[in-house]
Amino acid sequence: MSTFTQENALAEESVGFMDRLRELRLPWIPVIVITVLVILAAFAPLLSPHDPRDQNLRDARTPPFQTWDYPLGTDFVGKDILSRLIYGARTSAFISMFALGAGVVVGTVLGLISGYAGRWVDTIIMRIADATMGFPSILLAMIIVAILGTGLMPIVVAVAVSTWPRIARMIRGEVLSVKDADFVILARIAGVSPAVIIWRHVFPNVLNTLMVITSLSVAGVILTEASLSFLGLGLPPGDPAWGIMVSEGRQSLLRMWWISLFPGVVITVVVMAFNFFGDWLRDTLDPKLRRV
């Protein structure tokens, strides 16, 4: 009897979980695209049919869909396009994770401090953010990469520097709307230190906004990395990166269209997936939009 009861309880829990999942109205296509990207980035060595840097001049310039060995074709020196796309996912995921992570941490901390402290602290932080935002993101990234040199870490620094000001401004705006709430005022009256108030009372109330900003910023990070690689200011030539692949095929778009087309399509699909997912996350976490 107890076994029967347990089975009924598990069945009810599964039904309840499915009902909650339907209520969320997940954007399944973006979720699937992002999941595939994560899987490719995590298991690139296992999923890639060839080494992305291996050159095979005998099979160079192979068109796509001609052979199972190279389903998406090869480039000028026989590098497998599919393998380079898979490893390009790892490159984009790595840069997005570290560069965006650094930008989010810096922007969140400065936004919290600026919004809560106010006065001259707010003025200094926001003027620095305004000065940084005065440069177009790609131009600022190009300047930083030109100073630090090409490579993975200069790209991470460039993307982080161009990302934090917008996050800081958004977080500051949320803090300004929260810091005069009753629970924050009562915490001040009780003698709680500003650091504890920010961490325990203010930060949890801006976390939803931070999640939305982060999800929407991933697309910009991927585009920035691809743009720098396309201009020759990103990773070294020959490395598996989507922007480098687009750049390599631009001289022969009519004769060898697949070299630039496939990475271009992948960039477009991934960027759109993160944008749609960010829109869904914003609509889900915002109570006003959820009621509508």
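Biologist: What span would a straight helix of 37 residues have, and what does helix α9 span?

Modeller: First, this is a predicted model, in which local features need pLDDT of at least 70, side-chain atom pairs count only at pLDDT 80 or more, and totals for chains, interfaces and linings use all residues. Residues are numbered from 1 along each chain as its sequence is written, and side-chain values use heavy atoms, without hydrogens and water. A straight helix of 37 residues would span 54 Å at 1.5 Å a residue, but α9, residues 194-230, spans only 46 Å between its end C-alpha atoms. The expected span is 1.5 Å times one less than the number of residues.

Biologist: Where does α9 bend, and by how much?

Modeller: The bend in α9 is about 50° at phenylalanine 203, and proline 204 follows within four residues. The bend at a residue is the angle between axes fitted to the seven residues ending there and the seven starting there. Just after α9, glycine 232 has a positive phi of about 85°.

Biologist: How does helix α4 compare with its expected span?

Modeller: Helix α4, residues 81-117, reaches 52 Å from its first C-alpha to its last, close to the 54 Å expected for its 37 residues. Glycine 118 follows α4, with a positive phi near 70°.

Biologist: What makes something count as a helix here, and how many helices are there in the protein chain?

Modeller: Helices are DSSP runs of H or I with at least four residues, strands are runs of E with at least two, and both are numbered from the N terminus. The protein chain has twelve helices and zero strands.

Biologist: Why is α9 called roughly antiparallel to α11?

Modeller: The two helices pack at an angle of about 170°, with their axes 8 Å apart. Angles under 35 degrees count as roughly parallel, over 145 as roughly antiparallel, 65 to 115 as roughly perpendicular and the rest as oblique. Therefore α9 is roughly antiparallel to α11. Axes are lines fitted to C-alpha atoms, for helices over the stretch in contact, and angles run from 0 to 180 degrees between N-to-C directions.

Biologist: Which residues of α9 and α11 meet?

Modeller: Among them are Val212, Leu216 and Leu223 in α9, and Phe274, Arg282 and Leu285 in α11. Contact means heavy atoms within 4.5 Å. By class, this contact has 15 nonpolar, four polar and two charged residues. Ala, Val, Leu, Ile, Met, Phe, Trp, Tyr, Cys and Pro count as nonpolar, Asp, Glu, Lys and Arg as charged, and the others, Gly among them, as polar.

Biologist: Why is leucine 285 called partly exposed?

Modeller: Its relative accessible area is 22%. Buried means under 20%, exposed over 50%, and partly exposed in between, with a 1.4 Å probe and protein chains only. The value for leucine 285 falls in between, so leucine 285 is partly exposed. Leucine 285 lies in helix α11, residues 258-285.

Biologist: Is phenylalanine 65 buried or exposed, and what makes its phi stand out?

Modeller: Phenylalanine 65 has a relative accessible area of 62%, so it is exposed. Its phi is near 65°, a positive value in a residue other than glycine. Phenylalanine 65 is in the loop between α3 and α4.

Biologist: What about arginine 61?

Modeller: Arginine 61 is also found in the loop between α3 and α4. Its relative accessibility is 44%, so arginine 61 counts as partly exposed.
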